[in-house]
Amino acid sequence: MKVDLSRIAELVVGDTQADRVVPPTGFTATLTLFSAAAMAFLVVFALALSMATGRLADRWGSELARSSTIRISAPDGQLAAQTEAALRVLETTGGVASARALDTEEQMALLEPWFGPDLPLDTLPIPQLIEVIEEQDGFDADGLRLRLTAEVPGAVLDDHTRWRRPLVRAASRLRSLGLISIVLIGAATAAMITLAANAALAANTQVISVLRLVGARDAYIARAFVRRFTLRALTGAAIGTALGGLAVFFLPSAQPEGGFLTGLGFHGWQWLWLLIIPPLAAIVAFAATRTAAGKTLRDLT
Amino acid sequence: MGAAVIELENVAYSYGGGELLSDISLKLQAGSFHFLTGPSGAGKTTLLKLCYGALVPTAGNVRLFGKDVREMERDDVAVARRRIGVVHQDCQFLDHLNVSDNIALPLMVSGRDLLGEAANLNELMNWVGLKSRASAAPPELSGGERQRAALARAVIMSPDAVLADEPTGNIDWEMSQRLLRLLVELNRMGKTIMIATHDLALIRAAKTHVQARVLRISNRRLQLAGADL
């Protein structure tokens with residue numbers, strides 16, 4: 001599709017004479033400005049949600065997919081030996097990049113959120129955990145399970161698939177819902193601006209009639225309305241985006257113990273996505289008003 | 001006489017199931033002067049609207065400058081209207097613009113540079129005697145001033161024809177004579193003039209200044225008016 005830059009420039013720069021022929025309309029101006037600002041504010045949050053859940057899905061989908069855990073439950077006297085045996089098995093397993101047994105501090109840190117600090121780990125029958133990092137192609141989990149069953153009877157391989165898959169699916173759904181929300185917000189914006197444009201056109205039928213009487217082309221009349229609504233939507237969306245961006249920026253930052261909600265926001269270059277919201281709102285307003293104006297002018301004899 | 005500026009051929013116009021005008025044929029030659037008369041509700045305004053392409057006939061043909069309106073795009077009709085100045089009884093101004101801007105409206109919509117046309121606009125304001133009222137809002141004008149402003153707006157594009165619908169309907173006799181003199185002056189400049197009016201005194205007064213053809217709408221048809229005028 002060829003973009004006519006001169007027409008875009010004409011829309012932005014405008015024709016001061018043409019702008020004057022349509023009377024200022026306070027109510028529809030406020031309505032359009034407020035709708036565009038409110039919708040842009042909501043789009044910022046929908047976008048932030050999509051980005052956050054996208055990052056979560058990526059992390060759960062890629063990083064966690066490359067790590068597994070072996071849990072060794074054995075009587076006190078056999079725990080160290082079985083851990084050594086499991087590590088030996090892992091050293092000779094294809095697709096395993098590295099494997100290491102978690103030390104006491106690391107295991108305590110894992111349990112601390114549930115049991116609190118100063119947990120007397122020594123007095124509890126806590127299984128030993130081995131963290132396994134996979135190579136890019138991964139390992140044969142079924143084969144490893146069989147070998148562990150034979151050589152380390154107390155070892156259980158957990159490749160996180162059981163809990164990771166539904167979480168990745170949920171995160172992906174949330175991302176999709178965020179994107180669908182953006183589309184719906186865009187459609188609602190278009191509907192509201194169409195209503196406001198129709199109200200403005202209906203309130204100005206006398207003006208349209210006079211303009212036609214003196215030889216105005218329909219395109220000229222439509223342009224006067226379209227430009228006005230497009231600029232209002234652009235301004236409103238810029239305000240809404242700025243406010244939404246500030247609100248997201250000042251959300252509490254992500255803590256290690258926090259859920260994904262505290263990670264809601266944009267990271268680095270993702271902030272640039274906000275820059276496209278006002279122009280997109282303007283494009284939606286342009287299309288909506290142009291369609292409404294075209295229909296109204298066709299219907300007016 | 002020159003070529004026909006506006007031509008109606010066997011035109012009929014129906015609205016709401018009833019026929020308002022029937023079998024109307026009319027040629028407005030360049031430089032001609034016409035009065036259109038008839039009782040209220042006879043269809044004078046409808047006929048004028050057909051003459052400037054605001055309405056499309058239900059039968060017959062209307063040609064503006066030789067082109068059939070049915071075959072013209074909306075934009076073509078808009079461009080043709082710039083060559084036909086229209087004065088309405090209620091003037092139809094944009095109240096958010098001042099008098100000067102209202103008169104300059106045809107220049108604005110045709111994309112002309114107002115600064116470049118300032119001298120013409122000034123001269124025209126002077127011609128209709130509204131120079132001192134240039135920055136007034138339309139509601140502040142008297143009936144006569146409104147009609148003269150509407151006439152100035154109708155002629156600012158130097159049109160080939162001026163159609164006026166009851167231009168003296170809301171003004172006193174002295175003011176209507178002043179307006180008539182302006183229209184006669186325009187006709188002497190070669191403009192085609194058609195005035196719809198039921199004011200027979202105005203027609204009689206005009207005939208002392210200009211050779212005018214008087215048409216009457218009666219029973220939906222157009223007739224040449226008789227010697228009673």
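**Where chain A meets chain B**

A: In this model, 16 residues of chain A are in contact with 18 residues of chain B, two residues being in contact if their C-beta atoms, placed from the backbone, lie within 7 Å. The model is predicted, and local features need pLDDT of at least 70, side-chain atom pairs count only at pLDDT 80 or more, while totals for chains, interfaces and linings use all residues. Residues are numbered from 1 along each chain as its sequence is written, and chains are lettered from A and ligands numbered from 1 in the order in which they are written.

On the side of chain A that touches chain B, the elements giving two or more residues are α2 (16-21), α8 (205-213) and α9 (218-249) of chain A; helices (H or I, at least four residues) and strands (E, at least two) are DSSP runs, numbered from the N terminus. The largest share, six residues, comes from α8(A).

Turning to chain B, an open sheet of four strands has the order β2-β1-β4-β5, with antiparallel pairing, where two strands pair if DSSP finds at least two bridges between them. Because β2 (18-29) and β5 (67-68) of chain B stand at the edges with a single partner strand each, one side of each is left without a neighbour in the sheet. Strand β1 (residues 4-15) of chain B is joined to β2(B) by eight bridges, the two running antiparallel, and B:I6 has B:L28 in β2(B) as its bridge partner.
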